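User: Please take a close look at one helix-to-helix contact in this model. Then set it in its wider context.

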Amino acid sequence: MADNLPAEFDVVVVGTGLPESIIAAACARSGQRVLHVDSRNYYGGNWASFSFSGLLSWIKENQEKSEISDECEDWRKLILENEEVISLNKKDKTIEHVEAFCFGDQDSAKDVEEAGALPKLPVFGASGAEGVAQDPNKECPPLDSAVARAESCEAEKAASVDTASTVEENDTEVNCENEGSPSVSSSESALDLGKAEAAPSEVSAQEPKKIMYSQIVREGRRFNIDLVSKLLYSRGLLIDLLIKSNVSRYAEFKNATRILAFREGKVEQVPCSRADVFNSRQLTMVEKRMLMKFLTFCLDYEQHPDEFQDYKNSTFAQFLRTRKLTPSLQHFILHSIAMVSETDCSTVEGLQATRKFLQCLGRYGNTPFLFPLYGQGEIPQCFCRMCAVFGGIYCLRHSVQCLVVDKESGRCKAIIDHFGQRISANYFIVEDSYLSESVCRNVCYRQISRAVLITDQSVLKTDSEQQVSILTVPPVDLGQPAVCVIELCSSTMTCMKDTYLVHLTCPSTKTAREDLEPVVQKLFHLNTEAEKETENEELDKPRVLWAVYFNMRDSSGIDRNSYSSLPSNVYVCSGPDSALGNDCAVKQAETIFQEMFPTEEFCPPPPNPEDIIYDEDELASEESGLSNSPETKPEPSPEESSSRGSTAVNEHSEE
Amino acid sequence: MATLIDKRGRGELDAEVVELTGAVLAANPDVGTCWNLRRRALELLGGDWVPGELAFVGGCLGVNPKSYGAWHHRRWVLRHAPPDPAAQRAFCARLLEADPRNFHAWEHRRAEAGAGAEAELAFTAQLLARDFSNFSAWHHRGRLLAEGPLPPERLREELELVQNAVFTDPQDQSAWVYLRCLLARATPPPRLLSLHADLEDGTLAAAFSRPVVVSPGSLEASLDDCPLPGPWRPADGRPRPSCFWLCPLPPGLATPPARLRVAWQRGPAHFVTLRPGETEAWWQEPIEARELIWPEVGVSDPAVLSELAQACRELLELEPRSRGCLLTLALLLGALGPRAHGEELRRCLRCLQEADPLRRGFVADLASRAEVALELLREGAGLGELRLQGKALTSLPLLERAALAARLELAGNELGALPPGLGGLRRLQVLDVSRNRVRSLRGLPPLPRLEELRLDGNPISHASDLAPLAACPRLARLRLAGTPLAAAPEAAAQLDKLLPHVAVTLA
């Protein structure tokens, strides 16, 4: 396989996170020859989404802190005398403190297989090439997930043996973690186990809400669990880019349906659009007016400087207190609409944030946010697909040993991959996590605390079960970060029926569990058995069926100069940031692209496939080229293969 | 298209016409000729073309959802089909989903596809929840509520809904209009307000609460049980509904006492008795304060109105310039009784005038109405005189309530003309219109008892503009000081010729 890769490209992109994928798409679109590699076996890096079993594997991988001692130094001989080497990381160190908990009957899941699961992928670094060659399908499961989804009901017999062992292994792992958990004792799980064994199907038929762990495992492919939890502002940069570049056709979106607030121990819906305010039953008439009046003012606050001039030096929270708003309205605006800190957000910043929220309202619905169906992990893949359509070459599970730098010019000339192949290029995009400690020794990273829960009910039950909600939980102690909670329903295609997938995110102060568990305890019911004792009030809360906490490195906003001895033609992309939107990644991608190709347009709309006239010969040669290395490219859909390689195609329209 | 015209000329209305019109209309559903041809062809064609045709029109409405031709055609097709309200409802709902303000779809829904009133109310509520700036949805809702005053429960629900809307966005007029419609659901039927019998010019005058047309038999009048032959004519002399109607008394009625009986459309009878030695007699209903400013209001419970007024005041505190709110509050105060809220009413209207410069005239007329109403309600006013000097009046409403006034002080206002309704004021003796903007008296009906008319300071420039005064038999004094006419050299001579018996003051 390695021999099939051309030895020369224009741009080599290492890492398939969102900014890298956007850059790859932009470069391919502007006619560059792009090689896009990722050492992982899935797309997206820390932006990826996983099925349940996929996430369990990911957890396992990140809990094993063993170093891979693959000290094969064969590639050294490829380095010329006037060249030096910048080694890249072989092990991702961006995820820490992974702690998974299962509440209840996980033992019953021991022999349960995930329906339609693909065999577990060989651990990276093992005989990867053969594995790929044998089964090209499994190389990029997320991208192919559409196919997999279609057939997910039918278990693949060949695959199931492997999967079972995977689950078993993971269970033991999870059990170990559970010893530290106060909520699960062995007797309890035994009790649940008995129930589940008696008639698991009947239980689910009678009480559809009661979901067993075994069901989660069996329906694992219904889950698309995001590592980063983000929403798209409907007038954010990412939406603009998706539309402009026509990448939007690869994805489907669902509007977030409601904005929630957590106030005085209760979850409430925040009326934020005009229709919401009109329909709200919790606001008095006067409150409605005051809220609308304030929001209208925020929309064009710059036109009324006299209204906030005197408060320029105070915080937004102080400013709100002067605006004749009731405490509940102040809470809604501060935490759920502006979503800013109570203590250190200035009036103008708060007004800006509020305006951004309001401007996004109504474009696609009554909330400002969109969520991509099948998870946030779809978005980088969409851009990869765009890149592939324009001739980009993809290699997953393809790690890069080092960057080769010309001593004289100080420019990077090539990479050497794990097969020892030397691939030269003009530009190199590397995701932060691939950079070795020596390069990053002066970089100070922040951390993001994340939690993912699978729950059985919504935090705020309404007539409709299918709600996509975003909830901001303000900190207990002033100055701490607020926790952003996004609850997804099954119609977002991220979790199985009758469950909800809840993402919690905040900038870290401690480990993820320390940061987030207090919020989880406020909103959810953790102990399955305690409900008999505590009865009513606790019953209102949704139960957590399964949970994982982890810290993720936040490499955003790092000055390029903090990385030591980086060649000028190597650009660093950061991992996900802790903000709700994706503007940071898009901005970074555009900036890097413009630095590399100042004269090229960034992701212009692709030509209409109908307007392309194919040159017979070129088409034929392209096709043959394709058949030579099918495993290096993502499976194109028929429609794409027709327009594939259009860089080599005469792009004049018919008229 | 040329082929079509050809075929029409040859009278060939066959399947090809249907096909050709289909092609044209699918591209542009607004070609009326094609729809007509298509209809004629279809009628001749026979067979069951209804379902196909419905689908076709549906497609055309997809191209232009507001095509009159296409909607008309749909109606026509439906006349040939068994009614299926559910399908029609679904169709309208689909179009309204795309454009909740598509008035064709609403109209169609009303005509062809009405579900039960409750279901329809729920449907409108659903669309309003999405966006309440929707006149059509409010209108549909208003139409669904039965005529007349609403049951208190329903009224409360509706008021809450509409108040939600106005508090959410007071700038949106649709909710305010609905709110006012909700309250103004029971205009009282016209009735007799006053009667005046005058032996001098032998006329019986009747004033009504609203303009009416008196057709033979609708207004029964009899003198000592002997029916008056009539005919009734409008006092302003114009053939249209009027508040004032006159009927000649039989000549030779010189022997009082005489008793006149008048009844409007079999309503209660009112009596006027002429006593010996008197030349006139009258009857008048006491003034109904609630009817003066907003007579249409159908809500009889003052508590509901006060509550609403209070809500408006709260809203005004937050939004002092909301015109919908100001207007509604003014009307509410009027309905609650102008006297008790006189000052607030005036303040309200002043704010409204500033807040809504585009409707300055409308507001000025409303303010005039309020001023006249307040004057009518003043103790002792009405019968004797109305003092309305310097009230910035732009119009002179409510004259029917002042039918018996003898003196009308209108100096220093902004009246541009004297309303023809003045002809109904049969007892008017002194009329002071000094310092107004009256240019001409054309159209003024004869005023039988007018003795003095002051027109000082009005922009009257020609003697001919005063011609109607020649028909006022008792006119003795006319003041024209400060008018352009007074400055004209030949004015005195002209006036002497026009009004030989009138003492004209020109300076």
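Analyst: Start with the chain as a whole. This is a predicted model, and 58% of the 655 residues of chain A count as buried. Chain A holds 21 helices and 22 strands. Among contacts in chain A with a separation of 6 or more, 77% join residues 24 or more positions apart.

Now the helix pair. Two packed helices are described by the angle between their axes and the distance between the axes. Here the pair is helix 11 (residues 285–299) and helix 15 (residues 347–360), both of chain A. Their axes come within 8 Å and cross at roughly 95°. Angles of 65 to 115 degrees count as roughly perpendicular, so helix 11 of chain A is roughly perpendicular to helix 15 of chain A.

Which residues make the contact? Helix 11 of chain A brings Phe294(A), Leu295(A), Phe297(A), Cys298(A) and Leu299(A). Helix 15 of chain A answers with Leu351(A), Thr354(A), Arg355(A), Leu358(A) and Gln359(A). By type, the contact residues divide into seven nonpolar, two polar and one charged.

Next, the partner chain. Chain A and chain B bury about 1500 Å² between them, with 58% of that on carbon and sulfur atoms. Arg274(A), Phe278(A) and Arg289(A) supply 49% of the area that chain A buries against chain B, more than any other three residues. In the contact, 13 residues come from chain A and 20 residues from chain B.

Chain B has a helix to check too. Helix 5 of chain B (residues 68–79) has 12 residues, so at 1.5 Å a residue the helix should span 16 Å. Its end C-alpha atoms are 17 Å apart, which agrees. Buried residues in helix 5 of chain B include Trp71(B), His73(B), Arg74(B) and Trp76(B).

Terms used: Residues numbered from 1 in each chain as written. Chains lettered and ligands numbered in written order. Predicted model: local features only at pLDDT ≥ 70, side-chain atom pairs only at ≥ 80, totals over all residues. Heavy atoms only, no water. Axes fitted to C-alpha atoms, helices over the stretch in contact; angles between N-to-C directions. Helix = DSSP H or I, 4+ residues; strand = E, 2+ residues; numbered from the N terminus. Parallel < 35°, antiparallel > 145°, perpendicular 65-115°, else oblique. Contact = heavy atoms within 4.5 Å. Nonpolar A, V, L, I, M, F, W, Y, C, P; charged D, E, K, R; others polar. Expected span 1.5 Å × (residues − 1). Buried < 20%, exposed > 50% of the residue type's maximum accessible area, 1.4 Å probe, protein only. Buried area = accessible area lost by both parts, 1.4 Å probe.
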